[in-house]
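Subject: The structure we talked about

Hi,

Here is the structure for you to look through. My notes on it follow below, so please have it open as you read.

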Amino acid sequence: MKRDPIQIIEAIAERQKIISSKKTRESTNTPLSSDPVQLDFWEDGKRAAPNAIFRSALFPALNPKQKENRRFIKNGKLSSTGGLEVIFTGEQFDQSDLDVYLEILNIARPYPLGQRIKFSAYGLLKALGLPTGGSNHARLHLVLTRLRGGTIEITDHKKRYFGGLIEGGIRDEITFDYEITINPKFVNLFGFGMWASIDKAQRQALGRDATSKALQAYYSTHVAPSPHKFETLAKIVGLTDTNHRKIKFVLIKAHDHLKDVGFLIDYEVTGDTIKAIMNLSQSQLKHIAKKSRNPRN
């Protein structure tokens, strides 16, 4: 039976309307976070993380005795800078855990978040500048399980991320190769101006000086740090000693170490405050020059 041309045109129009409506619904219902996102921002030789991690006591400067007797924290609000809230549940992290985490983020840099990343225990230990014997393989695995076990809630710029720093993974018990994933929603903490990079070589030169490492991470989120009270810095880097003279001594010694490795040009102590003078990179100098030309930006 031959159909009327008008009916054919109306049928085609109705079909196009249905297809268009379906596409609109699919577009509306597709969350932005489903799009593949990569962290390929920073230069080789640098390591990076969100400011929320560097500006809080999430990775405190624990001494060896504290590391052996880590606290288990339940829904604890950690010290942080203003405008930032960090709540933590889990076994306490430390600066050596941050070293591992920074390397994992760097390995994940070329891949969409949520995609499995692969690395060997040997390769990661080499990247960290650590011995590659069996005992360090065991320590590395403990760090990875600790990073997986800790739950964080970070609120920065009116966005709250809650979850782990890394997702679960697989280890080959023969080769000690790992496969792990990072929650793609974690990218919300890497928004414009919300992350910072640190120099890997300088960090490794700091060795086991946890206080210096914590200060390096914190100061890296600044271009020109203002004077800080020793008490304030102590809280941000996670020092818990109540002896103020000892805290002041430890922090000044850490600033000297940061000068030795070239991270700081100098520092100034005035009473109960200390002001760090940064040895700025070329990119930081360009940023300052740009701000001076465009003061409203």
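Predicted model: local features only at pLDDT ≥ 70, side-chain atom pairs only at ≥ 80, totals over all residues.

Residues are numbered from 1 along each chain as its sequence is written, and side-chain values use heavy atoms, with hydrogens and water left out.

Asp 44 sits in the loop between α1 (5-29) and β1 (46-50). Helices (H or I, at least four residues) and strands (E, at least two) are DSSP runs, numbered from the N terminus. Asp 44 counts as exposed because its relative accessibility is 66%; the cut-offs are under 20% relative accessible area for buried, over 50% for exposed, and partly exposed in between (1.4 Å probe, protein chains only). Asn 106 is 62 residues from Asp 44 in sequence, yet their C-alpha atoms are 9.0 Å apart in space.

Now the chain as a whole. It has 11 helices and 12 strands, and 41% of its 297 residues are buried. Of the contacts (heavy atoms within 4.5 Å) between residues at least 6 apart in sequence, 64% join residues at least 24 apart.

What lies inside? The largest nonpolar core has 48 residues, and Ile 53, Tyr 101 and Phe 186 touch the most other members. Helix α4 (residues 95-108) gives the most to this core, with 7 residues. A second, separate core of 24 residues includes Tyr 218, Ala 234, Leu 258 and Tyr 267. A nonpolar core here is a set of buried Ala, Val, Leu, Ile, Met, Phe, Trp, Tyr and Cys residues joined through side-chain atoms within 4.5 Å. Beyond its neighbours within four places in sequence, Tyr 101 is in contact with Ile 53, Phe 59, Leu 147, Leu 165, Ile 166 and Phe 186.

The aromatic rings come next. Rings of Phe, Tyr and Trp (its six-membered ring) pair if their centres lie within 6.5 Å; planes under 30 degrees apart count as stacked, over 60 as edge-to-face and the rest as tilted. That rule gives 8 aromatic pairs. One of them, Tyr 161 with Phe 186, is edge-to-face, at 5.5 Å centre to centre and 80° between the planes. Tyr 161 lies in strand β6 (residues 159-163) and Phe 186 in the loop between β8 (177-180) and β9 (195-199), so the pair ties together parts 25 residues apart in sequence. Both Tyr 161 and Phe 186 are buried. Tyr 218 and Tyr 219 form a tilted pair, at 5.7 Å centre to centre and 40° between the planes.

Finally, an open sheet: 3 strands in the order β10-β12-β11, with antiparallel pairing. Two strands pair if DSSP finds at least two bridges between them. The edge strands, β10 (228-229) and β11 (264-270), each pair on one side only. β11 and β12 (residues 273-278) pair over 6 bridges, and Glu 268 stands opposite Lys 275 in β12.

Best wishes
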